[in-house]
Amino acid sequence: MTQEGTTAAARLRTLLTLAWPIVLARATQAVVGFCDALMTAPLGEKALAAVTTGAMNVFSFVMLPMGTTFILQSFAAQLRGRGDVSGARRYAYYGLLLALGAGLFAAVTTPLLGRVIATIGFEPEVGRAMDEYMAIRLYSVAAIVGVEALGNWYGGMGNTRLSMIAGVITMVANVIGNYALIEPRFGLPGYGAAGAAWASTLSSWLGFAVILALFWSGWGIPASPGAPGRLRMSEFLRMLRFGVPSGVNWFLEFAAFVLFINVVVGHLGTTVLAAFNVVFQINSISFMPAFGVASAGAILCGEAIGSGKRDDVIPIVKLTLAVTCAWMVSVGIVYLALPRPLIGLFEGAGRPAPELIAAGTVMLGFCGVWQVFDAIGITLTEALRSAGDTAWPMGARIALAWGLFTPLSWVAVFHWGGGIATIMLSIVLYIAALAVLLWFRFWSGRWKTIELVGEPEVV
């Protein structure tokens, strides 16, 4: 084997070793939503629509702070590559402050939920169940963001397993809670959508408590010659400077999808709404492994940049892209070959749902088409973030989400009378256009001129 081949093989081993705990951690996040949907399905389409759509709406409170915490991975990786482990430790506390703020904001806005949901026009039973579900789930916002903050920080420090541990604990607790609380069991009356919400909320706090206790005890933190020192406003503001564009990026793109689901898809009826959310939950399971590999690639890119080896970034990105594309193409083939059995998992017990399965089958087929574009988009987004290039991708996502996807889907459904194929085609066009823009941005090399962590401060 040539030296170049040996180097590529070594990089692949390093990438996969770093990636598999992130993949498992991301997959457990997806499984939580998947299990909420799967274990609510026996209650009928209305309960399924309320829980799955409510879960999506809750994440609109999470996306901005959670997307902001992704930058912690970049700071930690670059500072570790520079050898400043003590300085890197302070950024974990900045992430926890962000999680606290997110939790307080969610608590303050909870009383407004019923009024907002009532204006959208859901069926009364769906709206009531969604309001009940969201009012409980919003108590988990601080925990969800806290796990992301510490998980991304630990990832940047080269330790991806603690996030995995927290994720597995959350997943197992959620499955047990759903089993006990949704339907009548163990002498309990069965709480329906509220039971699913309590299961997800309590399991989220349990996962956060575990990773916070490990962090507080110093577990898994590399030894450093000095203490992290007092927190610095200049560093916190620098984190926000680079992190908020990433958070706004995720939030506004997600907000476009939330509007799309609640208004555009919801306009087509409860069955189509339930089917779309089922497809979304299935797709999240397949998407998260690629996201995990892309995050691992970003850690390696950040380390390379921090240690002054920017020329290593492009080979790392090429390798990461090959792995994510191979995975997502395989998933797309499964979607195209076996859509009906996958959708059939969400049939109500003893109650065939032919319309739900028919709608979901068409939607899952379209999902198979966009998988490779999704792989390109997430890999290049993570690579650009590792260098601190967050503002340009934010602008691209916002422009496409609100300038193309939202108006196109709105006009297609409300004015042209489009149906399931129309709404899914609009998603395909959006994801493909985003992949093209990010491709040109990365290969322009502009990210090479960005200084994320700056010069060390003199204290």
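Which residues of the largest nonpolar core touch the most other members? In this predicted model they are Phe260 and Ile427, within a core of 113 residues.

## Basis of the model

This is a predicted model, in which local features need pLDDT of at least 70 and side-chain atom pairs count only at pLDDT 80 or more, while totals for chains, interfaces and linings use all residues. Residues are numbered from 1 along each chain as its sequence is written, and side-chain values use heavy atoms, with hydrogens and water left out.

## Overall architecture

The protein has 15 helices and zero strands; helices (H or I, at least four residues) and strands (E, at least two) are DSSP runs, numbered from the N terminus. Along the principal axes, the C-alpha atoms fill a box of roughly 65 × 45 × 40 Å. A compact globule of 459 residues would have a radius of gyration near 23 Å, and the value of 22 Å for the protein agrees with this. That radius is taken over C-alpha atoms, and the globule rule is 2.2 Å times the number of residues to the power 0.38.

Of the 459 residues, 57% count as buried (under 20% relative accessible area; exposed is over 50%, and partly exposed lies in between, with a 1.4 Å probe and protein chains only). Among contacts (heavy atoms within 4.5 Å) with a separation of 6 or more, 86% join residues 24 or more positions apart.

## Nonpolar cores

A nonpolar core is a set of buried Ala, Val, Leu, Ile, Met, Phe, Trp, Tyr and Cys residues joined through side-chain atoms within 4.5 Å. In the largest core, of 113 residues, Phe260 and Ile427 touch the most other members. Helix 10 (residues 270-306) supplies the largest share of this core, 20 residues. Beyond four places in sequence, Ile427 touches Phe257, Phe260, Phe276, Trp370 and Phe405. A second, separate core of 31 residues includes Leu72, Ile221, Phe236 and Val453.

## Helix 10

Helix 10 is mostly covered, with 33 of its 37 residues buried. Its 37 residues should span 54 Å at 1.5 Å a residue, and the end C-alpha atoms are 50 Å apart, which agrees; the expected span is 1.5 Å times one less than the number of residues.

A kink of about 30° lies at Ser286, shortly before the proline Pro289. The bend at a residue is the angle between axes fitted to the seven residues ending there and the seven starting there. Just after helix 10, Gly308 takes a positive phi of about 80°.

Thr53 lies in helix 2 (residues 45-82) and has a relative accessible area of 0%, so it is buried. A polar atom of the Thr53 side chain lies 2.8 Å from the backbone oxygen of Ala49. Beyond four places in sequence, Thr53 touches Phe122, Met130, Ile261, Asn262, Leu273 and Asn277.

Gln73 is also in helix 2 and is buried, with a relative accessible area of 4%.

## Sites with greater accessibility

Phe186 lies in the loop between helix 7 (161-181) and helix 8 (192-216). Its relative accessibility is 65%, so Phe186 counts as exposed. Phi of Phe186 is near 55°, a positive value in a residue other than glycine.

His267 is in helix 9 (residues 233-267) and counts as partly exposed at 48% relative accessibility. Leaving aside neighbours within four places in sequence, His267 is in contact with Val413 and Phe414.

How values were computed:
Polar contact = N/O pair within 3.5 Å; in protein donor to acceptor, adjacent residues only side chain to side chain.
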